[in-house]
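Subject: Structure handover

Hello,

Please find the structure below, with the sequence alongside. My notes on what was found in it follow.

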Amino acid sequence: MANVNDVIEDIHESDHLVQFYEQDAFLVEQAVNFITAPSESDHTGIIIATQPHHEAMQQRLAASLTGQPASSSRRRIIALDARATLEEIMVLGHPHQGRFTDLIGRLIDQATQGGSKPVRVFGEMVALLWADGKHDAALQLEELWNQLGAVHRFSLLCAYPIQGFSRSEDTVRFAGICGLHSVVRPTESFLLSKSTERVHRVVAHLQLRAQILQAEIARREEAERTLRRREQDLSDFLENAAEGLHQVGPDGTILWANKAELDLLGYQPDEYIGHHIAEFHADAGTIDDVLKRLLQGETLYDYPARLRCKDGTVKDVLIHSNALWEDGRFIHTRCFTRDVTERRRIEEELDRRVAARTRELVLSQNKLRALASQLSLAEQRVRKEVATELHDYLAQLLIVLRMKLFKADQQAKDTTLAGLLHEADRVLDESIMYTRSLMADLTPPILQFGLVMSLRWLAEKFRRHNLTVDVRAEPVHMDLTEDQIGLLFQSVRELLMNVVKHAKTDKAQVSVQSNGQDLTLEVSDAGQGFRPSTRPSSFPGQDAGQFGLFSIRERMEALGGRFAVESTPGCGTRVILMLPYGSKRPNAAAPTVQGLAGLTGVPVPKREGATRILLVDDHAMVRQGLRGILDGYQDLQVIGEAADGQEAVDLAHALSPDVVVMDVNLPKIDGVEATKLIKARRPSTVVIGLSVHQANQIQHMFKEAGAAGYVTKDAAADSLHEAIIGAVGAKGPAVPAEESLACKPSMPANEFLSTSSATPKDR
C-alpha cells in the first residue's frame with residue numbers, strides 16, 4: 001500500500017483536491033501535510049478552517065517545528081475562520097462572486113506576491129455549507145474556486161466528512177463534487193488499510209454493485225420487449241385513428257396515409273400513396289409554403305388548406321404538421337388533416353357579421369394606445385415619487401438609527417448587550433442595502449445624469465446576469481425630457497432582459513446616435529435569434545417576450561417614435577428605437593377647452609347636429625378616457641372638462657352644454673350638489689350621473705337632484721353614448737333607473753377602469 005502522504009506531496013501548483021474523511025484527526029494530519037509540503041520550499045499556506053480544526057492544526061504545526069532551526073523553513077501561514085469568512089461572501093444564501101473574488105482573490109494575490117511564490121490553500125467553507133444543507137451553494141462555491149484558479153496560481157485542498165453523504169439523492173451531488181476537482185481521495189479507512197483482506201472486501205463490494213447493474217440490464221431488456229408491444233399497439237392506433245394522418249418525404253412524395261385520410265378524400269391507397277402531395281392541393285402556393293416551412297424546422301398548427309377529392313369537390317381542412325429529423329437530415333413529415341368545410345362556411349358568415357365591429361375595435365385600439373402611453377409615464381412618475389420618499393425619509397432614518405446603534409455599542413459595557421447591538425447593526429445594514437436596492441429598482445438615481453450615463457450604469461448592472469453589455473454613444477448633447485429618458489431606459493432594460501432569457505449569449509451591444517433632432521437607439525446581440533413569423537404584430541401573442549416587444553412598440557409610437565426588429569435564427573437580433581426630440585418633439589394634443597381656461601380661450605364651434613357635452617371628473621386620465629370614447633361618435637362633441645364640482649357649475653353656466661356627464665365624488669362640491677345647482681340655473685341642461693358604484697342610493701340621489709340618467713364607469717365604454725342620446729331625446733323629467741341604463745352585463749367590470757385610472761380611489 002502506498003504512503004498516504006505521497007499524493008499530498010506530489011501535486012501541481014494548480015491542482016484542486018478533495019479529501020473525504022471519517023475522523024477529524026486524519027483531516028488535521030492531511031491538511032498540515034498539504035500546507036507544509038514540500039518543507040524546503042518558500043511558499044505561503046492559507047488555512048480557512050473551523051475553530052476546533054484551527055487549534056488542532058496549530059498544535060500539529062508547532063510539533064513539526066520542534067527541534068528545527070528557526071531559519072530552516074521560509075514558509076508563511078495565514079489563518080482565517082471558515083464561518084466568519086463564509087458570512088462575508090454570502091448574499092441571500094448563495095456565495096456572491098464579486099465578494100468572493102474581492103476577498104479571497106486579493107488574499108491569494110498578496111500571498112503569491114504577484115505570482116512569484118507558490119501558495120497552498122486548505123478550505124472548509126464548502127463543508128460548512130454542505131453540513132447546513134446548502135448543497136447547491138457548496139457546488140457554486142467550488143465553481144468559484146475553479147474560476148479563481150484560472151486567474152491565480154495556487155493549489156487547493158477541500159475536505160468533506162463522508163458522513164454527510166448518507167442519502168440516495170446525494171449520489172448525483174457526490175459525482176458533481178468529484179467532477180469539480182482534479183484529484184479525489186477516499187477516506188482513511190481505505191488509504192490507511194495495510195490489510196490485503198481489507199482491500200479484497202472493498203473489491204468484493206464493488207463486484208456486488210456490478211452484479212446489481214447486470215440485473216438492471218436484464219430489467220431494461222424486458223422493458224424493451226414491452227416497448228415493442230406498445231409500438232405495435234401504436235401502429236394499429238394510427239392506422240385506424242378517426243383523424244386523417246399521412247407522411248410526406250423531403251421531395252413531396254406521400255409515403256403513408258391512414259384509412260381516415262383516404263376515406264376523407266375518397267382515394268384508394270395506390271391512388272394517393274406514392275403520388276406528389278401537390279396533386280391533391282387546390283392551391284399550389286399553399287403546399288409550397290407548407291413544405292418550405294417544414295424544411296426550415298417549423299411546426300404548423302391549424303394551417304388552413306384546400307384539398308381536392310376524387311369526386312372533384314374541394315374540402316377545407318386544417319393541417320397540424322412537423323418533421324422528423326435524424327442527424328440533421330429531413331426524413332418525413334407528420335401531418336394531421338382535419339375536415340373543417342362546414343366550420344369554414346360558418347366562419348365566413350361570422351366574418352361578415354363582425355366586420356363593422358372590427359372597425360370600431362381598431363378605432364378603440366388607437367385610443368387605448370394613447371392611454372397606454374399615459375399610463376406608462378404615470379408609472380414612471382409614481383416610481384420616482386416612491387423612490388424619493390424612501391430616500392428622503394426611510395433611508396435617512398435607517399442611517400441615523402445605525403449611527404445611534406454604533407454609539408450605543410461603543411458605550412456598552414455588558415458583553416451580552418454589545419453582542420445584541422452588533423447583531424442589530426448587521427440587520428440594520430442589510431435593511432439599508434435593501435432600501436437602496438429598492439430605490440434603484442424603482443427609479444435609478446443615475447437617470448438625472450442623462451440617457452447615455454444611465455445606459456452605462458445599466459450595462460454594469462447586467463454583469464450580475466452574466467451579460468456583458470458594450471455601450472457606444474456619440475458625444476452629442478440630446479435635449480430629452482425626463483419622460484423620454486425614463487421610457488428609453490425602461491425599454492433598453494426590458495430588451496436586455498430578453499437577451500438574458502432567450503438569446504443564449506453572454507454579450508450584447510447598445511449604441512446611441514443622434515443628428516440633433518432624431519435619436520436612434522439600437523440593442524443588438526449575436527445570440528440564437530428568432531424567426532420573422534414570431535415577431536410581434538399589431539396585437540400581442542401568447543408569449544411573454546412578444547408582449548414585451550409589443551409594449552415597447554406601443555409606447556414608442558405614442559411618443560411619435562418608431563420601433564423595428566431584425567432577427568434571423570442563429571444570427572442574433574437587432575432592435576432599433578427611433579425617437580424625435582428637441583424642435584421635432586411631438587406636442588401632446590390638448591383639448592380645445594380644458595377646465596376654466598375655456599372661459600377666456602377660443603370658443604368651441606358647434607358641430608352641426610352634435611350634442612355638446614361637458615365632462616366632470618377629478619381624475620384627468622378618467623376624463624381623457626371618457627373623451628376618447630365620446631370623440632368616436634359624430635353626433636357627440638366634448639366642449640369642456642372640469643375637475644371639481646364648483647368648476648363644473650361655472651363651466652355649465654359659461655359654455656351652455658347640452659349634457660353634463662357628472663362624477664359623484666368631487667372636490668369642493670360633490671356631484672349631486674353640483675347637479676342641483678346646474679339644474680337650478682339651467683333646467684334644460686341634461687345631467688348624466690357617473691360613478692364606480694352600482695348602488696341604488698346613488699341613482700336615487702342623482703334622480704332627486706334632477707339628473708336624467710346614471711351610468712357606472714365600468715359600463716361607460718359600452719353604454720354612455722346610448723344613455724346620452726336617450727336622455728337628450730327625452731328632454732323631460734329624470735329618466736327612471738331601469739330606463740337610463742346603469743350598466744350592461746356584456747361589459748367586463750374592470751375593462752375601462754383598468755386603462756383609465758392611474759391610482760386606486762373610491763369615487
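Buried here means under 20% relative accessible area, exposed means over 50%, and partly exposed lies in between (1.4 Å probe, protein chains only). Helices (H or I, at least four residues) and strands (E, at least two) are DSSP runs, numbered from the N terminus.

This is a predicted model, in which local features need pLDDT of at least 70 and side-chain atom pairs count only at pLDDT 80 or more, whereas totals for chains, interfaces and linings use all residues. Residues are numbered from 1 along each chain as its sequence is written, and side-chain values use heavy atoms, with hydrogens and water left out.

Strand 19 covers residues 611-616; six of its six residues are buried, so the strand is largely enclosed by the rest of the structure. Strand 19 pairs with strand 20 in the parallel sense over six bridges; two strands count as paired if DSSP finds at least two bridges between them. Arg-612 has Gln-637 of strand 20 as its bridge partner. Strand 19 also runs parallel to strand 21 (residues 659-663), and four bridges join the two. On that side, Ile-613 has Val-659 as its bridge partner.

Strand 21 also holds Asp-663, which counts as buried at 0% relative accessibility. The C-alpha atoms of Asp-663 and Val-711 are separated by 9.8 Å, and the two residues are 48 apart along the chain.

**Salt bridges**

The whole structure contains 27 salt bridges. A salt bridge is a side-chain nitrogen of Lys or Arg within 4 Å of a carboxyl oxygen of Asp or Glu. Side chains of opposite charge can pair when their charged atoms come close.

One of them joins Glu-641 and Arg-627, with 2.7 Å from N to O. This pair links distant parts of the chain, since Glu-641 is in strand 20 (residues 636-642) and Arg-627 in helix 19 (residues 620-630), 14 residues apart. Glu-641 is buried at a relative accessible area of 5%, and Arg-627 is buried at 15%.

Within it, the closest N and O atoms of Glu-347 and Arg-344 are 3.9 Å apart. Both residues lie in helix 14 (residues 341-411), three residues apart, about one turn of the helix. An α-helix has 3.6 residues a turn, so residues three or four places apart point the same way. Glu-347 is partly exposed at 30% relative accessibility, and Arg-344 is partly exposed at 37%.

Glu-29 and Arg-60 also meet in a salt bridge, at 2.9 Å from N to O. Glu-29 lies in helix 2 and Arg-60 in helix 3 (residues 51-65), so the pair ties together parts that are 31 residues apart in sequence. Glu-29 is partly exposed, with a relative accessible area of 32%, and Arg-60 is partly exposed at 25%.

**Helix 2**

Helix 2 is mostly covered, with ten of its 13 residues buried. Among them are Phe-26, Leu-27, Val-28, Phe-34 and Ile-35. The helix runs over residues 24-36 and should span 18 Å at 1.5 Å a residue; its end C-alpha atoms are 18 Å apart, which agrees. The expected span is 1.5 Å times one less than the number of residues.

Regards
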